[in-house]
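Thanks for coming, everyone. Let's look at one structure together. Please keep the view on your screens open.

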Amino acid sequence: MLIVIRIGGSIIASPTNPKLMSQYAELLEKLRKNGYEVATVVGGGALARKFIRIGSQLGLTEEAQDWLAIHISRLYALLLSLKLGIGETVP
């Protein structure tokens with residue numbers, strides 16, 4: 001069975017909460033060990049919104065502002081996946 005979990009940036013990223021992120025990692029690992037296929041979406045929280053504001057102040061397009069927020073979200077997702085041991089390898 002596939003389970004999709006969305007972890008909002010306001011929960012783990014505003015401010016960044018390593019303890020809560022670790023607890024989510026433990027939950028996700030437990031679900032995987034119990035045979036579930038897990039897909040997780042992680043938000044960018046306040047930092048993503050801050051970069052959208054900065055992009056707006058710089059006169060960037062909405063598309064460019066969206067890309068800034070997406071990259072912040074990807075950083076939080078990478079952090080979580082590295083904690084799970086399934087992220088990109090670190091040189």
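We start with a definition. Ala, Val, Leu, Ile, Met, Phe, Trp, Tyr, Cys and Pro count as nonpolar; Asp, Glu, Lys and Arg count as charged; the others, Gly among them, count as polar. Keep that at hand. And note that this is a predicted model.

First, the layout. The chain has four helices and two strands. Starting at the N terminus, the order is β-α-α-β-α-α. The C-alpha atoms fill a box of roughly 50 × 30 × 25 Å along the principal axes.

Now the largest pocket. A probe the size of a water molecule, rolled over the atoms, shows where empty space is left. Here, the largest pocket holds about 160 Å³ of space. Which residues line the largest pocket? They are L28, R32, V38, T40, V42, A77, L80, S81, L84 and I86. Two or more of the lining residues come from each of α2 (18–33), β2 (37–42) and α4 (62–84). The biggest giver is α4, with four residues. Now use the definition. Sorted by class, the lining has seven nonpolar residues, two polar and one charged.

Next, helix packing. Two packed helices are described by the angle between their axes and the distance between the axes.

Take α2 and α4. Their axes are 9 Å apart, and the packing angle is about 60°. The two helices are therefore oblique to each other. The crossing of α2 past α4 is right-handed. On the α2 side, the contact has M21, S22, A25, L28 and E29; on the α4 side, Y76, L79, L80, K83 and L84. That contact divides into seven nonpolar residues, one polar and two charged. Look for L28, L80 and L84 again: they also line the largest pocket.

Now α3, residues 45–57. How do α3 and α4 cross? Their axes come within 8 Å, at roughly 155°. So α3 and α4 are roughly antiparallel to each other. This crossing, too, is right-handed. From α3, the contact takes L47, A48, F51, I52, G55 and S56; from α4, Q65, L68, A69, I72 and Y76. By class, there are eight nonpolar residues, three polar and no charged ones. Spot Y76 of α4: it is in the contact with α3, and it is in the contact with α2.

Last stop, the backbone. Most peptide bonds are trans. Is the bond from S14 to P15 cis or trans? It is cis, with omega near 0°. And P15 sits in the loop between α1 (9–12) and α2.

Note on methods
Residues numbered from 1 in each chain as written. Predicted model: local features only at pLDDT ≥ 70, side-chain atom pairs only at ≥ 80, totals over all residues. Heavy atoms only, no water. 1 Å grid on protein atoms, 1.4 Å probe; cavity = no way out; pocket = protein on both sides within 12 Å on 5 of 7 lines; lining within 4 Å. Points joined across faces, edges and corners; volume = space filled by probe spheres on them. Axes fitted to C-alpha atoms, helices over the stretch in contact; angles between N-to-C directions. Parallel < 35°, antiparallel > 145°, perpendicular 65-115°, else oblique. Left-handed = near helix turned anticlockwise from the far one by under 90°. Contact = heavy atoms within 4.5 Å.
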